[in-house]
Amino acid sequence: MIFSKKKITTEYTVEQCTKCGTLTKRKFNHGDVLFATLLKCASCDGHTRIEKIFGETVEQ
Amino acid sequence: MNFTNFDLDQLFSMGDDSNPLLMIVWILPIILFVFYGQQIQLFVTSREIKKGLKKLDNFREESRTELINYVKNNLKVKNDPVKKIDKFLEYFTIMPVDMDPNGIVDKVHHTVRSREDYTRSHVKSLSPEMNDIELNKIQTLLEIASSLQMIYKIVNHMFLTAKKQNNYPLILPLQMLLPFIMEQAEAMIEAIPAFKSDQPVGDGIGPMVVGKMMLEHEKETIAFQTSLSKIDFEDRKLFLLKAEGPASTVGRPADGLEKIMSENKIDAIIMIDAALKMEGEDSASIAQGFGAAIGGIGTERFQIEAVATTNNVPIFSIVVKQSVKEAITLMTEDIADTAEIVRLQLNEMILENTKSGQSVVIIGVGNTSGVPQ
Ligand SMILES: [Zn+2]
């Protein structure tokens, strides 16, 4: 249709440090699974865990 | 040209009603609409439906291609899978006769289970070394493709029948239903990417809440593709139940519950699920209620209600409202954010409805794609 806009969904992953609670939002990488423990936290010696995986849809 | 002595009456011969030419101009459309009105409406409506039909045909083709490409690119298939997949897409299910409703649930249950088991074993035959996650994924993609195939066929059938018989009333229900059908079909086609890349969908909010509580606790498989953890919370014993993630499955929570209840004394059941929001309701709003919150064909709910009734255990529910599309496509941020709130409400609900020393079963209902435990 002429009036329908193209929708683009961007996938995000949010990591949270299990120790200090710092949240980091980044683009989703293939292989990311919810609750997976990942790398060392940037601000302390804790580990980050994936808390959320979601999509944001914008109309263009 | 002189516009001032413009005579309207003269131009349209309004003062003179004996002009036969003018009478025809007036009467012809009336006759046309009286006798051919339906055909004209049929013509206008068919154009609209044809557009929808074209879209549905594209969806059907797209989902089939996606499935075939996925199988070809990601699995070690021995023979060409196209023929086999096309055969799967054509499978139909005949629901049991309901003239005598006695025992109908068991019959429906049996039919649906057999179909599931049958498709699973046949999908597996495509590539015998396929793991369970891949198997579930292909089953989900197959389900999407065959549903779209079925939708297209039914809509096309209704449309062609109405056209063939030049029957306007026959096309009316189709015209009314088409927007709903299109919404469903569009949701299904947009669901493919999330399932293909093992991402959580909106329906996975229940498993997400329960899965997080199960982390770092011992897990056992209590029923087919269904996982159980027993944890302690504020002097109460919690039985956490969810489908086994991160594969795309809804598990068999009713079977799991039955088994738990046969071995333990349970004082309450709490179910967390996604629910369809009504038009005008906010997406990702949370509601609490009474009764079993679980979708599907109804057999699981029947089984849960039956076991709760026999044991005289109340069922409470927490639902997260969302649209059809949100439920089966990649989870939105709003829905993901409710996980924490639902968790808090769940804790409150446990404390309010049980005494210390009692046991509660908590079921995270929904598709557990991309949601481990
Ligand atoms: Zn930290």
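Author: In this predicted model, about 1,500 Å² is buried between chain A and chain B, and carbon and sulfur atoms account for 63% of that area. On the side of chain A, the residues that lose the most area to chain B are Leu34(A), Phe35(A) and Lys52(A); together these three make up 35% of what that side buries. In terms of contacts, 15 residues of chain A meet 19 residues of chain B.

Chain A itself is built from four strands and zero helices, so that, by the DSSP runs used here, its elements read β-β-β-β from the N terminus on. The dimensions of the chain follow. Its C-alpha trace spans about 55 × 20 × 10 Å along the principal axes. The radius of gyration of chain A is 15 Å, whereas a compact globule of 60 residues would have one near 10 Å.

Concerning the interior, 32% of the 60 residues in chain A are buried, a term that here means under 20% relative accessible area. Of the contacts in chain A between residues at least 6 apart in sequence, 49% join residues at least 24 apart.

Conventions: Residues numbered from 1 in each chain as written. Chains lettered and ligands numbered in written order. Predicted model: local features only at pLDDT ≥ 70, side-chain atom pairs only at ≥ 80, totals over all residues. Heavy atoms only, no water. Helix = DSSP H or I, 4+ residues; strand = E, 2+ residues; numbered from the N terminus. Rg over C-alpha atoms; globule rule 2.2 N^0.38 Å. Buried < 20%, exposed > 50% of the residue type's maximum accessible area, 1.4 Å probe, protein only. Contact = heavy atoms within 4.5 Å. Buried area = accessible area lost by both parts, 1.4 Å probe.
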